[in-house]
Amino acid sequence: MLKKTMQEALNAHIQEEFYSSYLYLSMSAYCHSINLKGFAHWMQVQSGEENKHAMKMFDFLIQREGKVALKEIQKPPHDFKSILDVMQKALEHEKKITALINKLYELSLKEKDYPTQTMLQWFITEQVEEEAQVSEILQKVELVHEKGSAILYLDKEMKKREAK
Ligand code: OFO
């Protein structure tokens, strides 16, 4: 059975994943507002994936006969300055989530909670992938920043993303 400390930490993280979903949706809305439909699409797919991450932990808590206690989701920012600003904030956010996942893993080691360790390994791998993806897009945006036509080319690339 899941220990109370672990259960509380997982519940707190479910909130972070739902917030991530909300944040990417807000970024998608901003991209729509500046007519970068490809980026808007990419952000919306990302928002859907974050929702799945939250549900993965939700299902895990239930399987382990833990108690799910959903928390309030804070308001995400919506006043982005540019697509560069959006991608910088996305990377910053992913780094924050990676740090939180690492802390959860440390707790699961301390609690000798082996099933939670196995579940979290998926998230550790996922964070490596997400940070790499966002970082690559950010580097491309930095390269073409202020060159309108190149941003439009990149926007077409972003539209190709499919949900996992
Ligand atoms: Fe849930 O991976 Fe991004 O935040």
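1. Helices here are DSSP runs of H or I, at least four residues long, numbered from the N terminus. On that count, Val86 belongs to helix α3, which covers residues 83-110. Keep in mind that this is a predicted model.

2. Leaving aside residues up to four places away in sequence, Val86 touches Met27, Tyr30, Met43 and Phe80.

3. Now for the rings. The structure has two aromatic pairs. One of them joins Tyr30 and Phe80 edge-to-face, with 5.6 Å centre to centre and 65° between the planes. Tyr30 sits in helix α1 (residues 4-33) and Phe80 in the loop between α2 (37-63) and α3, so this pair ties together parts 50 residues apart in sequence. Tyr30 and Phe80 are both buried, and both are also on the contact list of Val86.

4. Trp122 and Phe123 pair up as well: their ring centres are 5.0 Å apart and their planes stand at 80°, so this is an edge-to-face pair, given that over 60 degrees counts as such. Which of these residues is buried, and which is partly exposed? Phe123 is buried, at 0% relative accessibility, whereas Trp122 is partly exposed, with a relative accessible area of 35%.

5. Finally, have a look at the charges over rings. The charged end of Lys56 sits over the Trp122 ring, 4.2 Å from its centre. Arg161 lies over the face of Trp42, 4.4 Å from the ring centre.

Methods:
Residues are numbered from 1 along each chain as its sequence is written. This is a predicted model: local features need pLDDT of at least 70, side-chain atom pairs count only at pLDDT 80 or more; totals for chains, interfaces and linings use all residues. Side-chain values use heavy atoms; hydrogens and water are left out. Helices (H or I, at least four residues) and strands (E, at least two) are DSSP runs, numbered from the N terminus. Contact means heavy atoms within 4.5 Å. Rings of Phe, Tyr and Trp (its six-membered ring) pair if their centres lie within 6.5 Å; planes under 30 degrees apart count as stacked, over 60 as edge-to-face and the rest as tilted. Buried means under 20% relative accessible area, exposed over 50%, partly exposed in between (1.4 Å probe, protein chains only). A charge sits over a ring if NZ of Lys or CZ of Arg is within 6 Å of the ring centre and within 35 degrees of the ring normal.
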